[in-house]
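I opened this notebook to record what I looked up in one structure. The entries follow the order in which I made them.

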Amino acid sequence: QEQLVESGGGWVQPGGSLTLSCTYSGRIFSWSEIEWYRQAPGQQREWVARIRSDRTTWYADSVKGRFTISRDNAKKTVSLQMNSLKPEDTALYLCHEYGTPSWGQGTQVTVSS
């Protein structure tokens with residue numbers, strides 16, 4: 001069964017940067033399509049970004065131009081580079097394999113001064 005493990009979260013001041021990683025185990029990673037979601041307390045889970053096996057990417061309007069999703073098939077890892085962070089980016093960030101029930105446990109990102 002596929003497993004997804006997120007890492008890289010933490011606390012950062014507004015305007016700062018963080019890079020999250022999602023490490024994948026199981027099956028053939030190079031074929032997988034991976035997404036990042038986020039969920040703030042008391043709010044619905046929000047889709048953030050997706051990367052396809054051919055490295056085509058999509059972003060939510062709220063993060064476009066600030067976040068970059070990328071993948072390293074050799075390391076079976078998808079990264080989310082987050083720049084110009086805002087307090088409203090504070091959330092639990094989760095990775096998900098598109099089209100499957102596979103989710104990670106999440107990594108917390110807190111943006112505050």
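This is a predicted model: local features need pLDDT of at least 70, side-chain atom pairs count only at pLDDT 80 or more; totals for chains, interfaces and linings use all residues.

Entry 1. Which residues are linked in a network of salt bridges? I find that the network links Arg38, Glu46, Arg66 and Asp89.

Entry 2. Arg38 and Glu46 form a salt bridge, and their closest N and O atoms lie 2.8 Å apart. I then checked the accessibility of both partners. Arg38 has a relative accessible area of 6% and is therefore buried, since the cut-off for buried is under 20%.

Entry 3. I asked how many salt bridges the model holds by the rule applied. The count is 7.

Entry 4. I turned to Glu33, which pairs with Arg50 in a salt bridge. The closest N and O atoms of this pair are 3.7 Å apart. I located Glu33 in the loop between S3 and S4, and Arg50 in strand S5. The two residues are 17 apart in the chain, and the pair thus links distant parts of it.

Entry 5. Asp54 is partly exposed, with a relative accessible area of 45%. Arg52 is likewise partly exposed, at 31%.

Entry 6. I next examined the largest nonpolar core, which has 27 residues. Which of its residues touch the most other members? I find Ile34, Trp36, Leu80, Met82 and Tyr93 in that position. I then looked up the elements that give two or more residues to this core, and they are strands S3 (18-25), S4 (34-39), S5 (46-51), S7 (67-72) and S8 (77-82), together with S9 and S10. The largest share, 4 residues, comes from S3.

Entry 7. Why does Thr100 count as buried? Its relative accessibility is 19%, and a residue is buried because its value falls under 20%.

Note on methods:
Residues are numbered from 1 along each chain as its sequence is written. Side-chain values use heavy atoms; hydrogens and water are left out. Buried means under 20% relative accessible area, exposed over 50%, partly exposed in between (1.4 Å probe, protein chains only). A nonpolar core is a set of buried Ala, Val, Leu, Ile, Met, Phe, Trp, Tyr and Cys residues joined through side-chain atoms within 4.5 Å. A salt bridge is a side-chain nitrogen of Lys or Arg within 4 Å of a carboxyl oxygen of Asp or Glu.
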